[in-house]
Amino acid sequence: MNGKAGPRVAGEGNTRTRLDRGRGALGPALELVHTGRAPTRAVLTAELGVTRATAGAVAAELEALGLIRVDAHPGAAAGSQGRPSHRLEVAENGPVALAAQVHADGFRAALVGLGGRIVATAPGCETVDADPAKVLGSVVEAGAELLEETGRRCVGAGLAVPSAVAEPEGLALNPLHLAWPAGAPVRQIFAERVRAAGITGPAFAANDVNLAALAEHRHGAGRGSRDLLCVATGHRGVGGALVLDGRLHTGSSGLALEVGHLTVNPEGGRPCHCGSRGCLDVEADPLAFLTAAGRDPGPEVSLLQQANDLIRTQYADPYVRTATQTLIDRLGLGLAGLVNILNPDRIILGGLHRTLLDTDPDRLRAVVADRSLWGQSGGVPILPCTLDHNSLVGAAELAWQPVLDDPLAALAGT
C-alpha cells in the first residue's frame, strides 16, 4: 500500500479483458468469487474473457489451493434447460484473516474468511488502555487464541482504528477518543505483536470508516456502486470514506475525507477538538444525541448502543424526537455539502446515522435534496450499511488483498 491510493476494490475494473492462461487469471478469478460476482463457472468464463477450458483450469487451481469449492453437479433450477454450470463458492473451511478493531468503547478480534464471512469472534473488551501497545497486544492475543481453537490457516492480519492513518508510515494521527498519543505508530506496533504471536502473513492498519466503506463496497450496501460515499458515526466522532471508480480514495497520504470537521452548526455549536466549533464530529455523534435528548450517558453499555436504544424505544418522547430531528438536519447539511463536491452515485450510512436514516428517511433525504444541486436534479440514493461488523470485515480485506492479487505467491508465504 502507498499513500496515493488505498487497497484496490474488486469488481469495477475491466474484468472482461482477455487474460493469459494460468497464473495471471487466478487473482481476478478469486476476486470474482470473493465478491459474489461469479457464482458459476459460466459467469467466470464470461467475466474473465477466457475459454471455458481455461476458466475450468483456473477454478480447479483455486480449489486445490483450498480457497474455493467447485460443485460439478449442482441441482438444476426450476424451468431451466440443459446441464447447469458448475457452481463456485468460497471454501467452507478455507484460510482466514485475523481482523481487529479498536474503538472508544473497547476492542474486538475476529477471523474472517473469503466472501467477508466472519468465522469466529472473541468476546469484546470494553476498556481501552491509553497505551496502544497494551491494547494491540491484547487484541492480537485474542485473535491468536481464535486461530488455535479453530485450527485455521491465517493469511495475514488487519486492524481498524478510529483515527486517520497516515501513509506510508502507518501513524494514527488523531486517536483522540482513545487517549492514545497523536502519531502513534499503530501499524508497526500491530505488526510486531502479530509476529510475536507467531501469526503468519503481513499486517496492515487503516481508518475504521475507510475499511467499513471497503467492506460495504465488496459485500454490502455499496456493491455495484462506482462512486460511493460512506459516512458513519460509531462510538465517538464522525468519519467518512469515498470509493471512486472502484478504488478506495485515501488522498496523497491516507488522510482524505475527514468529514467530521465539516461545520454544520456555526452559531452556538459545540467546541470541537480541532479548534473549530459546530463540526459534524461533535454535532452528530452518539454523545451529541444523548446530550441533546437530556440523557446522561451511563457506563453500562456503549454510547452507540445507548443512543440507538433511546431512539428505537422512546422516539415518542418529545425530547428524544427533537434531538433525533436535530441530528438528522445537521447530518443532512453535511451530506449535502459532500454531494455538491463529490457527486457520488450512492451514499451509505453506518452506526447511529443508519438508525437516523431508518427512523425518518424522508426528512434526511429532503434536507440533502434541498441543500444539494445534484440532489434536486434527481437525487442520490441514501442507504443504510448492511454489514453489522463492516469495519472488522474491512480490516480483513486488507489482509486478503495480497491473496486476491496473487494467490500463489501470497499463500506460499503463509
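Predicted model: local features only at pLDDT ≥ 70, side-chain atom pairs only at ≥ 80, totals over all residues.
Which side chain does the side chain of Glu-47 make a polar contact with?

Residues are numbered from 1 along each chain as its sequence is written, and side-chain values use heavy atoms, with hydrogens and water left out.

Back to our opening. The partner is the side chain of Arg-37, at 3.3 Å. A polar contact here is a pair of N or O atoms within 3.5 Å; within protein, one must be able to donate a hydrogen and the other to accept it, and residues adjacent in sequence count only if both atoms are side-chain atoms. Glu-47 sits in helix H2, residues 41–48. Helices (H or I, at least four residues) and strands (E, at least two) are DSSP runs, numbered from the N terminus. Glu-47 counts as buried because its relative accessibility is 14%; buried means under 20% relative accessible area, exposed over 50%, and partly exposed in between, with a 1.4 Å probe and protein chains only.

Now to the cores. The largest nonpolar core has 41 residues, and among those with the most contacts inside it are Leu-44, Leu-67 and Trp-400. Such a core is a set of buried Ala, Val, Leu, Ile, Met, Phe, Trp, Tyr and Cys residues joined through side-chain atoms within 4.5 Å. Helix H14, residues 390–405, gives the largest share of this core, eight residues. Apart from it lies another core of 36 residues, including Val-238, Ala-256, Val-259 and Leu-290. In soluble globular proteins, nonpolar side chains tend to be buried together.

Let's visit helix H5, residues 186–196. Its buried residues are Val-186, Arg-187, Ile-189, Phe-190, Ala-191 and Val-194. Among the elements covering them are helix H4 (132–150), strand S6 (154–161) and strand S9 (203–207). Just after H5, Gly-198 takes a positive phi of about 75 degrees.

How many cavities of 30 Å³ or more does a search of the whole structure find? Two. On a 1 Å grid over the protein atoms alone, a cavity is a set of points where a 1.4 Å probe fits but cannot get out, and lining residues have an atom within 4 Å of a point.

Leu-257 lies in the loop between strand S12 (247–249) and helix H7 (280–283), and is buried, with a relative accessible area of 15%. Asn-343 also has a positive phi, near 50 degrees, but is partly exposed, at 37% relative accessible area.

Two last stops. A cis peptide bond joins Glu-167 and Pro-168, with omega about 5 degrees, and Pro-168 lies in the loop between S7 and S8. Finally, Arg-270 is in the loop between S12 and H7. Its C-alpha atom and that of Gly-156, 114 residues apart along the chain, are separated by 41 Å.

Notes:
Contact = heavy atoms within 4.5 Å. 1 Å grid on protein atoms, 1.4 Å probe; cavity = no way out; pocket = protein on both sides within 12 Å on 5 of 7 lines; lining within 4 Å. Points joined across faces, edges and corners; volume = space filled by probe spheres on them.
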